[in-house]
Amino acid sequence: MDHTSLEAFLAVAETGSFSRAAERLFLTQPAISKRVANLEQSLGVQLFDRIGRDVYLTESGRLLVDRASRILEDIRDARLAVSQAGSDQVGQLSIASSHHIGLHYLGPLLRSLTDQFPDAHLDVQFLESEQTLQAIARRDLELAFITLPTTLPRELRKETLWTDKLEFVVSPDHPLTQRKGKIRLNELVHFRAILPDAQTTTYRLIEQTFQRHHLPLSRTLAVNYLETIRALVASGLGWSLLPPRLIDDSVRVLPVEQLQLTRHLGVIWHQGRTLSRGAEALMAIARNTPAPG
């Protein structure tokens, strides 16, 4: 069972076609067919049912898909570890980032990395939280810089790099700015909230806080980018929570009594993956870079 046959098998399984698999791997269709046939012969099973032009995985084929992916990833990891041993160079580095970290944190980190390793090739994707976790779990990416969830799948690891205090904010002319003294949390539920999507870690943090006080979060407007949330709050549409770096004269901080919310920003990676020299270098840079003011 060689890696080229496994690559051909996975390409057919993922595209559902020998011809599309050939295009993906820049091979001829007969070459793909031969590699799959060799794999079937070595395993002594049929991996695909061919019905006309359609191709379907057999039960044996379905069992092999996940294992083949892990085998190929292990081979790539081994090559990476061996090729980088004793080398001072950084090759390709694939990472993901949340929009907020990408906008406020990531630039200086990547600048420092490319100053150290001018030939590094960076692949940076901006993904939602759920997509990011799936990509790391599939080992499509090495690192992801996100708001850290409380729990992770057991194969993933996390490290806190920065901590964000979250402040309740409204527009300068919002009715809550007329209240004297501290604002009680239950007063907020009578007004519209402008919050990130319910699938985000930040929303879950806010929701859990209200749940602990047995308060509903029903009147909400879902907006994923904190910069957009600030603009909508400033227009008077409702209240929200923002980190201090995003608070300016367009909004007012509400003094909510006996409540302080923080979220943790950091990095996640797959514990079973050998991190490249570039990934290790970027993590070292991030550990030594303070949060922007």
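In this predicted model, the side chain of Arg-245 makes a polar contact with the side chain of His-100, at 3.1 Å. The Arg-245 side chain also makes a polar contact with the side chain of Tyr-105, here at 2.5 Å. Arg-245 itself is found in a loop. That loop runs between β9 (240–242) and β10 (252–253).

Strands β1 and β2 form a hairpin. β1 covers residues 48–51 and β2 covers residues 54–57. The two strands run antiparallel and are joined by four bridges. Within this pairing, Asp-49 has Tyr-56 of β2 as its bridge partner. Two residues lie between the strands. Gly-52, in the turn, has a positive phi of about 65 degrees.

Helix packing was examined for α1 (residues 3–15) and α2 (residues 18–25). Two packed helices are described by the angle between their axes and the distance between the axes. For α1 and α2, the angle is about 125 degrees, and the axes are 8 Å apart. The crossing of α1 past α2 is right-handed. On the α1 side, the contact is made by Glu-7, Ala-8, Ala-11, Val-12, Glu-14 and Thr-15. α2 contributes Phe-18, Arg-20, Ala-21, Arg-24 and Leu-25. Of the residues in this contact, six are nonpolar, four are charged and one is polar.

Methods:
Residues numbered from 1 in each chain as written. Predicted model: local features only at pLDDT ≥ 70, side-chain atom pairs only at ≥ 80, totals over all residues. Heavy atoms only, no water. Polar contact = N/O pair within 3.5 Å; in protein donor to acceptor, adjacent residues only side chain to side chain. Pairing = 2+ DSSP bridges. Axes fitted to C-alpha atoms, helices over the stretch in contact; angles between N-to-C directions. Left-handed = near helix turned anticlockwise from the far one by under 90°. Contact = heavy atoms within 4.5 Å. Nonpolar A, V, L, I, M, F, W, Y, C, P; charged D, E, K, R; others polar.
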